[in-house]
Structures are given as structure tokens and as C-alpha cells.
Amino acid sequence: MELPTKIQLQIVSADRSLVNESVDEVEIPGSDGYFGVLPGHTHLLAVLGAGELWYRQGQEKHYFVIVFGFAEVLPDRVTILAATAEKADEIDLERAQAAKKRAEERLSISTVDMDAERARISLLKSLIRLQVATRAKIRS
């Protein structure tokens with residue numbers, strides 16, 4: 001059996017399909033850390049964490065924010081089902097910076113009714129958005 005030379009990548013969030021492309025390589029934020037996928041990868045089901053996903057077509061890389069969900073990896077296909085997914089060039093920097101500030105303020109003030117885990121997730125998401133948005137600015 002001949003190994004595939006490309007991967008069909010599909011990224012779907014709760015509200016839309018973002019990508020359906022033939023790619024050379026993908027790096028995915030798993031719940032236990034990042035993992036790379038090349039054509040011919042072994043079968044894998046993975047729980048996604050929150051982080052930066054990128055894929056490469058030739059020499060060009062494309063960046064996304066991925067927050068939780070699942071990945072199915074087959075030798076010739078990767079399907080990402082994410083709770084939240086955003087393209088780097090769609091991120092509103094001002095909004096991400098404001099969300100970061102709000103989350104930091106919530107975490108600095110400890111109250112009985114505060115949901116600390118929710119505040120930590122908000123902070124994590126805003127930091128990832130800022131990181132990924134920066135990548136889009138560098139390429140521009």
C-alpha cells in the first residue's frame with residue numbers, strides 16, 4: 001500500500017466549517033500537548049486542548065485558535081471538531097486584549113461566587129488569540 005502524499009484537513013467549529021483543504025502537515029493542540037501529523041500517520045482519536053493549530057501547504061503556514069473538541073487522524077485525512085475555532089486574520093486584537101484584562105482582574109479578586117476555572121479558561125483563550133493574531137500580523 002502506497003503512503004499518501006497529502007492530508008485532507010477539515011476544521012469544523014460549533015457554528016461553521018472553516019477549512020476543507022489538501023495540506024502537507026498539521027500541528028494540533030491535544031489535551032496532553034501538541035502533536036504533528038504528516039501524510040501516512042497512524043489512526044488516532046484525540047481530545048483537543050486549547051491552543052494554536054497550524055497547517056502547512058508548501059511553504060505557507062496557516063494559523064488558527066482551537067479551543068477544546070476532538071481530532072480524528074487517518075493516514076490521508078484529519079478532521080477537527082472544535083468547540084471554538086478562529087482563523088488568525090479574523091481575531092479582533094482589541095477584543096482579545098480586553099478579554100485578557102477582564103480575566104486577569106477576575107482572577108486577582110477572590111470571591112466566593114467567582115468561577116475560577118471559567119476565568120482561567122477565559123484568560124487562556126485570550127492569550128492564545130493574541131498569540132495567533134500576532135502570527136497573522138507577522139505574515140502580512
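The model is predicted: local features need pLDDT of at least 70, side-chain atom pairs count only at pLDDT 80 or more, and totals for chains, interfaces and linings use all residues. Residues are numbered from 1 along each chain as its sequence is written, and side-chain values use heavy atoms, with hydrogens and water left out.

The side chains of E86 and R129 form a salt bridge, at 2.4 Å from N to O (a salt bridge is a side-chain nitrogen of Lys or Arg within 4 Å of a carboxyl oxygen of Asp or Glu). E86 sits in strand β7 and R129 in helix α2 (residues 116–139), so this pair ties together parts that are 43 residues apart in sequence. Helices (H or I, at least four residues) and strands (E, at least two) are DSSP runs, numbered from the N terminus.

The count of salt bridges comes to 6. Another of them joins the side chains of E90 and R16, at 2.5 Å from N to O. E90 belongs to the loop between β7 and α1 (93–108), and R16 to the loop between β1 and β2, so the pair ties together parts 74 residues apart in sequence. E90 counts as partly exposed because its relative accessibility is 37%. R16 is also partly exposed, with a relative accessible area of 34%.

E25 forms a salt bridge with R56, and the closest N and O atoms are 2.9 Å apart. This pair links distant parts of the chain: E25 is in strand β3 and R56 in strand β5, 31 residues apart. E25 is partly exposed at 22% relative accessibility. R56 is partly exposed, with a relative accessible area of 22%. K6, D24, E25 and R56 are linked in a network of salt bridges.

In soluble globular proteins, nonpolar side chains tend to be buried together. Here the largest nonpolar core has 22 residues, of which L9, I11, I28, L53, I66 and I80 touch the most other members. β1, β2, β3 (25–30), β4, β5, β6 (60–74) and β7 (77–87) each supply at least two residues of this core. Another core, of 10 residues, lies apart from it, with A50, Y63, A88 and I128 among its members. A nonpolar core is a set of buried Ala, Val, Leu, Ile, Met, Phe, Trp, Tyr and Cys residues joined through side-chain atoms within 4.5 Å. Beyond its neighbours within four places in sequence, L9 is in contact with V19, N20, E21, V23, V26, Y55, V78 and I80 (contact means heavy atoms within 4.5 Å).

Two loop residues follow. S13 is in the loop between β1 (7–12) and β2 (17–23). S13 counts as buried because its relative accessibility is 7%. Its side chain makes a polar contact with the side chain of D15, at 2.7 Å. A polar contact is a pair of N or O atoms within 3.5 Å; within protein, one must be able to donate a hydrogen and the other to accept it, and residues adjacent in sequence count only if both atoms are side-chain atoms. Not counting residues up to four places away in sequence, S13 touches L18, A82, T84 and A85.

P39 lies in the loop between β4 (33–37) and β5 (44–57). P39 is partly exposed, at 21% relative accessibility. P39 and L3 are 36 residues apart in sequence, with their C-alpha atoms 7.1 Å apart in space. Leaving aside neighbours within four places in sequence, P39 is in contact with P4, T5, K6, I7, D24 and P75.

Note on methods: Buried means under 20% relative accessible area, exposed over 50%, partly exposed in between (1.4 Å probe, protein chains only).
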